[in-house]
Amino acid sequence: MRGWGFREALKYPLLWPLYGLCIADLSWLTFSATRTLLFNPDVTLDHNNNPEPWQAYREGRYRLWAGNYDYSKLKCKAPIFKDNDVIPVENGED
């Protein structure tokens, strides 16, 4: 194959499925990366206005499937970080 242009690709019909799969893969990659960037709470684009984005999900749960378990009764056991100091959190068990 002499070049990578569209006209050169039309000369080899056996490679059309390969080109189609490459285009489909790149489309899925673009969609997946954009969806993760826009809707995933672990990704933050604005660090100036929200320097600690993980604090928003301290008591909330981000999960794919919860089943029948009630997460509203659980307390977060992670320490709170403020101004480079660690504020210990009591154990969430009753």
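W28 is exposed, at a relative accessible area of 54%. The model is predicted. W28 sits in helix α2, which spans residues 16-39. F31 lies in that helix too, three residues from W28, or about one turn.

**Aromatic pair**
- The chain holds one aromatic pair.
- The ring centres of W28 and F31 are 5.3 Å apart and the planes meet at 45°, so the pair is tilted.
- A ring pair is described by the distance of the centres and the angle of the planes.
- F31 is partly exposed, with 43% relative accessibility.
- W28 counts as exposed because its 54% is above the 50% cut-off.

**Nonpolar surface patch**
- L37, L38, F39, V43 and L45 make up a nonpolar patch on the surface.
- L38 is exposed, at 56% relative accessibility.

**Fold and elements**
- Two helices and two strands are present in the protein chain.
- Their order from the N terminus is α-α-β-β.

**Burial, contacts and surface**
- The protein chain has 94 residues, and 10% of them are buried.
- Among contacts with a separation of 6 or more, 7% join residues 24 or more positions apart.
- The accessible surface of the protein chain is about 8900 Å².
- Carbon and sulfur atoms account for 60% of that surface.

Conventions: Residues numbered from 1 in each chain as written. Predicted model: local features only at pLDDT ≥ 70, side-chain atom pairs only at ≥ 80, totals over all residues. Heavy atoms only, no water. Phe/Tyr/Trp six-rings, centres within 6.5 Å; stacked < 30°, edge-to-face > 60°. Helix = DSSP H or I, 4+ residues; strand = E, 2+ residues; numbered from the N terminus. Buried < 20%, exposed > 50% of the residue type's maximum accessible area, 1.4 Å probe, protein only. Patch = residues over 30% accessible without salt bridge, like charges linked within 9 Å, V, L, I, M, F, W, Y side chains within 5 Å. Areas by Shrake-Rupley, 256 points an atom, 1.4 Å probe, with all protein chains shown as cover. Salt bridge = Lys/Arg side-chain N within 4 Å of Asp/Glu carboxyl O. Contact = heavy atoms within 4.5 Å.
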